[in-house]
Amino acid sequence: MTTRWTAVRVLRDRTAGRCLAAVVVSGFGTSALWLASGVWVKDLTGSDGLAALCMLAMWAPTLAGPLLGTLADRHRRRPLLVALSLFMAVLLLTLCAVDGSEELWLLYAVLFVYGAAGTVHDAAESALVAGAVDRSLLGDFNGLRMTANEGMKLLAPLAGAGLYTAYGGPGVAVLDAASFLAAALVYLSLRVREERPAPAREGGRSATVEGVRHLWGDAGLRPLVLAGGVTMLCAGVSGALTYAVVEDLGHSPAYAGVLYAVQGAGSVTVGLLSGPALRRLGARRFAAYGISLLAVAVALRAVPYDPAAWACAAAVGVGLPAALIAVLTGVQQRTPGPLLGRVTATAGTLVHTPNVIGLAAGAVLVELLGHRAQLVALGVVLGVTAAVLLGQSPASADRTAARSASDASPA
C-alpha cells in the first residue's frame, strides 16, 4: 500500500511525473540504439572488435564527467535539457548517411557526442528534479526512474532489433531522434521557476574542482560514492563471467538473455520499493543492505544449479540498483543547487568508470582463473564493502536528512 501510494505521489507531482515521462521516451530510443549500433557495425565490417567500439564511444565521455557537469551548473537546467534533446534529435538524423564501412567514422563520432551530451543531460536532469520536486519524493523518483530505465532495457532492444531488421540502422536512428524530440516537448511543458545562475567567478578547472572538493569533503557522500565505485567494479568483473556461468550450467550462450531478463525484473521491483526504504533506512544503510544482498548473490552464482542461478540473477537485480539509487539520492539531498550538476556528474564518473574497468579485467581473468573462485572472492569483497559502509558511523545523519523532508510532507 505504501509503495503504491508513494508512486502515485510522484506521478501526481507535475514536475516529477513529466520528468519521468521524458526519461521513459528518451531511454527507449537510447536502449534501442545501444543494441542496434553494434549489430550495424558488425553487419558492415564483420568485426567483433569494431562493434565493441560502439559501446566504448558512448561510454568514454563519462570520464570527463566532472568537467561536463559544470555545464549543467552554468545554465538554467530546463532550457538546457530542451536544447540538448533537440540537438540530439538533429544529430541522430545524420546517421541516415551511413551506408557502408567508409562512413563508420560518422557513426562513432555521433556515438561519442551522444555520450557527452548524455552526461550533461543526466547532470542537468538530476539538478532540475532536486530543485523542483519535494525532497520527500526524491527517493521515490529515483527508484521509479530506475524502474523505467530497466523496463526500457527489457522492451527497447526487441523493438530496436525488429526495426533494424526491417529498415536497417537508419530506421533505429530515426526512432531515437523521435524519442529525443518527444523528450524536448515534455521538458518544454514543465512549469518550473529557475533563477539565472550567477556569473562564473572562476575558470572551468576551478569550477570543476569545487564540485570534486564538495563531494570528497562531505563525510556522508564520500563513503557512499566510494562504496558505489567498489560495487560497480565487482559488478563489472562478475558481468564478464556471465557466459562462463552459463556454460557451467550446461546451456548455450543465448541463455544469458534469460538471466538478464530475470535481473531486469529484480531491478524493476527495487525501483518501486526504494522510496519507502530510503525514508526508513537512510541512504547509507539502504546502500549497505543492497550491497550485502549483492555479495551473497554474486558468490552463489558459482553454484551450477538453474534455480540458484535464477534466484541470484533476481537478487543482483535488486542489490545493485539499490546502491546506485542511494548514491544519486544522497547527492541530491546533500549538495547545494548551484553545485549539483558537477557533483552529480563527478559521482557518476567515480561510480561508473570502475564498472568498465571491471568488465575489462574480468574478460582477462576469465581466461586465467576459474570463474567459481572469482565469484566467491567478489562476494567477499562486496561483503567487506557493505560492512565498512555500515560500520563507519551510525546512519542517523542519513536517516535524519531523509526524514526531515518526509516529516513536513508525510507519505
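Reply: Start with Arg145, which counts as buried because its relative accessibility is 18% and the cut-off for buried is under 20%. Keep in mind that the model is a predicted one.

Arg145 has a salt-bridge partner, Asp122, and the closest N and O atoms of the two are 3.6 Å apart. Asp122 belongs to helix α6 (residues 104–132) and Arg145 to helix α7 (residues 138–188), so this pair ties together parts of the chain that are 23 residues apart in sequence. The two ends of the pair do not fall in one class of exposure: Asp122 has 39% relative accessibility and therefore counts as partly exposed, whereas Arg145 is buried.

A second pair also involves helix α7. Arg279 forms a salt bridge with Asp140, with 2.6 Å between the closest N and O atoms. Here distant parts of the chain are linked, since Arg279 sits in helix α11 (residues 255–281) and Asp140 in helix α7, 139 residues apart. Both residues of this pair are buried.

One of the bridges runs between Asp73 and Arg77, whose closest N and O atoms are 2.7 Å apart. Asp73 and Arg77 are both buried. Arg77 is part of helix α5, and its relative accessible area is 11%, which is why it counts as buried. The side chain of Arg77 has another neighbor: one of its polar atoms lies 2.7 Å from the backbone oxygen of Ala72. In total, the model has 7 salt bridges, including those described here.

Now for the nonpolar surroundings. The largest nonpolar core has 57 residues, and Leu92 and Leu95 have the most contacts inside it. Helices α2 (14–45), α3 (48–59), α4 (65–74), α5 (77–93), α6 and α7 each give two or more residues to this core. The most come from α6, which supplies 14 residues.

The whole protein gives the setting. It has 16 helices and 0 strands. Of its 411 residues, 52% count as buried. Among contacts between residues at least 6 apart in sequence, 86% join residues at least 24 apart. The protein exposes about 17,800 Å², and carbon and sulfur atoms supply 67% of that area.

One more kind of link deserves a check. A disulfide is a covalent bond between the sulfur atoms of two cysteines. The structure holds 0 of them. As for individual cysteines, Cys54 counts as buried because its relative accessible area is 2%, and Cys312 counts as buried because its relative accessibility is 5%.

Note on methods:
Residues numbered from 1 in each chain as written. Predicted model: local features only at pLDDT ≥ 70, side-chain atom pairs only at ≥ 80, totals over all residues. Heavy atoms only, no water. Salt bridge = Lys/Arg side-chain N within 4 Å of Asp/Glu carboxyl O. Buried < 20%, exposed > 50% of the residue type's maximum accessible area, 1.4 Å probe, protein only. Helix = DSSP H or I, 4+ residues; strand = E, 2+ residues; numbered from the N terminus. Core = buried A, V, L, I, M, F, W, Y, C linked by side-chain atoms within 4.5 Å. Contact = heavy atoms within 4.5 Å. Areas by Shrake-Rupley, 256 points an atom, 1.4 Å probe, with all protein chains shown as cover. Polar contact = N/O pair within 3.5 Å; in protein donor to acceptor, adjacent residues only side chain to side chain. Disulfide = S-S within 2.5 Å.
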